[in-house]
Amino acid sequence: MSDVAVHEADHGTHGHITSTGLSNNKVAMWLFLGSECLLFGGLISTYMLYRGRVSIGPRPGHVFDIPFTSVSSFVLLMSSLTMVLAVSAAQKRDDRGTTLWLTVTALLGATFVGGQVYEFTAMYNEGLGFTTSLFGSSFFTLTGFHGVHVTVGIIMLMSLVGIIKRSDIPGDKAEVVELIGLYWHFVDVIWIIIFTLVYLIPA
Amino acid sequence: MAIIEQPVTTGGIALAAPVTPTKAQGGFRRPVSTTGWKSWLFTVDHKKLGIMYGVMAMFFFLLGGIEAVMIRMQLAAPNGKVLSASVYNQMFTMHATTMVFLFVMPMAAAFANYFVPLQIGARDVAFPRMNAFGFWCILGGGIFINLSWFLGGAADGGWFMYAPNSGPIFSPSHGIDFWTLGLQIAGIASLTGAINLIVTVLNMRAPGMSLMKMPVFTWLTLVVQFLLLFAVPVITVALFLLSFQRNFGATFFDVSAGADPLLWQHLFWIFGHPEVYILILPSFGIISEVLPVFAKKPLFGYPFVVFSGAAIGFVGWGVWAHHMFASGLGPVSVAVFSISTMAIAIPTGVKIVNWTLTLWGGKLRFTAAMHFAIGLIVLFTIGGLSGVTHSVAPSDTQQTDTYYIVAHFHYVLFGGAVFGLFSGFYYWWPKMFGKTLNEKLGKVNFWFMVIGMNMTFGPMHILGLQGQPRRMYQWTEARAGEGFFNLAFWNRIASIGSLVLSFGILLFLINVVKTSRSKERAPLDPWDARTLEWMTSSPPKEHNFDVIPTVHHLDEFFHRKYEQDPVTHEYKQIATAEEILADQEAHADKHIHMPSPSYWPIVLAASLPVIMIGVIYSIPVAILGGIFTVLAMFGWALEPSTAPESDFDPPASGESTKELAPLV
Ligand code: HEM
Ligand SMILES: [Cu+2]
């Protein structure tokens, strides 16, 4: 979605009048996230249906390292906070602050993804592969989809840092920062749901 | 950058707009051609894209039609030898897939793309490049799915592709892989299209056009886009699970690992039932435009038509398990879904009543478009009634998986959706191409289609109730039975009917060719129409309207042509379409800022099938495709949607500038 958003600011069209008064890009982002809810809804339902179905390989309780995942979840939550700081800096037309906080957000996100890679490897070594059991297939699919969403978010954040550094008009990407912020918060909220349902509630 | 410095005014024929090349953006110079194949390949104009969607859908309609006729030839006589069992399975699977995903949906998208901006008085959609991207995705997806015919056989699991039957054990060819991955690409088109059109309708209406002043076609298109927005991700999940199973060894539908075979059915039908409304509502919208025009009366109960459309959009989410009555859901679920299914017939019935009352007392003009619209009302009602008989679960247990179901959905889909689209062709052809399709031939076209369609699908009610299962590649003399209800006779009638139907469709194609050869131009307002799309030249100029209209009424164009006498309440004409257009041209906006063509939509869309081919045959190719995709996205992101401001003269002080709402 970021590609959609980037140019909007390029020709500074904030003053445009739309029938609802909301910018096209923002409405589009909300619609996209609404659609994403059903994507994750389907994946989460699949996981909830299958999480207890293990004919071979480890069961959910055996492979989860709750303290570790709690820390990485906390890191992801903090990245939402830094994203808020980035948006607020962008609205104040403070490009240095914006790029700083965007970079921090991306780094926190990358830490989370790194944690996920570590976690997946550990699980694999304990005998839980993608094809091992229904639990394995549905767990890796659900968390993998989430991980891909975070990764896409990181790429968007870093591209945005690059674009802001190159542009000469301060603050002209404020709406784009806000839109990527929406996406980022959405991905965080989805993680809270996944963390609760997958890790905290025992199968 | 397409900047139209002066509105083009000559005689309704849009001249090529002057275009300024811009400096390289995102690595390439922007495409600037306004004529020739390049102007189509890189266009972002919603009207061109609408025509492209239409041509593509028509092509797949013929392909799906050929597949259908082959099925009927196989079943015309006992022990049919036209197709082998395996090819027969591929044939009905691909027939349904083609008709649903590659004909009705893109054809509805063609009309939506072309007419929604015109009906709401906008100059384009909200995201023109995304619009082009959607078209190239659906085209790429359609070709991709059909490639499987040449690469070891097409998908053969039926259009609902039930698991575990769709697993690698039962379907070892790559057909289902192509099907799954191709539909993913097509799904991207539906999703981007839905977002684009919703934003367009919500944000880009002409001043004064409140939601309740919108034409019904636009309204129902809006409902359809919401259905797509929420239904597509569900099938996306199902398709991912299936391809992970088939291509990467996941266990989702592996019953021996404890998988639940109903998971696929639920996911498919949570998408699938809203999908049937995605197929029918655009046609409902079309005839809600056609009937009032040819009855010379406003649509009866406009708010009821709108709200029942929205109600269908909501209730449509709560009935999916009526496709699963025979799967052992348990009595409570069956009862609930049975009742909700009966309930959904109500808002549908409301519409039928509204259309009938629109005709009541009207000055009816039986044009070809009107024929098809009335055909829809009658045939859809028959299909709706058999639908209600399926909603009674005990009765459905008898009917399910027989030809009776095939009869039902063809009455609603062919008699409903397809007749609506044909009504749209005859109604809007003069607007899109400036020439009217031959009316006389159109009516012959209509009668062949109605007779053919009833001959083909009517007998299927009997066949089904007599117990002929659907998807059986042969029937035998011994099992055909005797007397009036014997299968042999009615199968033969159905097969002959399919030829009559095909001939009707051929007449339409002949009509198109004939019309395109004729020199006669359509009048500006051939039907005395009521809505904004008729308030501009035919075909419309690149920028649609010289002046963005200010809307005061539902049926704005009608109210500009006619005024009600305060005493007698009669409407009398106060202006002609030509006068209204001339007035607009005289007061045209000075600087009209249109979105610029772009390479990136087609480049990005072309990189997706590369990924998919890679998923099937070789992962490095998929990675290569992924890299292309990312590069194309960056190219897209770095290219401004419209050329920089410096490329056109700022308006001299005092002149008005009309731009589109923000364009991306
Ligand atoms: C009055 C409204 C309707 C009712 C009550 C209704 C009811 C049903 C029911 C209960 C079934 C499942 C039968 C079975 O498989 O045993 C069914 C199948 C089907 N209906 Fe409808 N329907 C209605 C309208 C529509 C519309 C508007 C469409 C599409 C334009 C449609 C398309 C289909 C299709 C394609 C199937 C078959 C799916 C398959 O098995 O491949 N129906 N209908
Ligand atoms: Cu249904």
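Predicted model: local features only at pLDDT ≥ 70, side-chain atom pairs only at ≥ 80, totals over all residues.
Local features need pLDDT of at least 70 and side-chain atom pairs pLDDT 80 or more, while totals for chains, interfaces and linings use all residues. Residues are numbered from 1 along each chain as written, chains are lettered from A and ligands numbered from 1 in written order, and side-chain values use heavy atoms, without hydrogens and water.

**Exercise 1.** Describe the interface of chain B and chain A.

*Solution.* Start with contact (heavy atoms within 4.5 Å): chain B brings 49 residues and chain A 43 residues. Next, take the buried area, the accessible area (1.4 Å probe) that two parts lose on being put together, summed over both. That area is about 3700 Å², with 69% from carbon and sulfur atoms. Then turn to the elements, where helices are DSSP runs (H or I, at least four residues) numbered from the N terminus. Elements giving two or more residues to chain B's side include helix 4 (128-147) and helix 18 (619-638) of chain B. Helix 6 of chain B gives the most, 11 residues.

**Exercise 2.** Which residues are closest to ligand 1?

*Solution.* Count a residue as near if one of its heavy atoms lies within 4 Å. Of the 21 residues around ligand 1, the closest are Trp159(B), Asp396(B), Thr400(B), His408(B) and Arg470(B). Now look at the distances from polar side-chain atoms to an oxygen atom of ligand 1: 2.7 Å for Trp159(B), 2.7 Å for Asp396(B) and 2.8 Å for Arg470(B). Finally, helix 7, helix 10 (368-391) and helix 12 (403-433) of chain B each give two or more residues to the shell.

Definitions and conventions. Polar contact = N/O pair within 3.5 Å; in protein donor to acceptor, adjacent residues only side chain to side chain.
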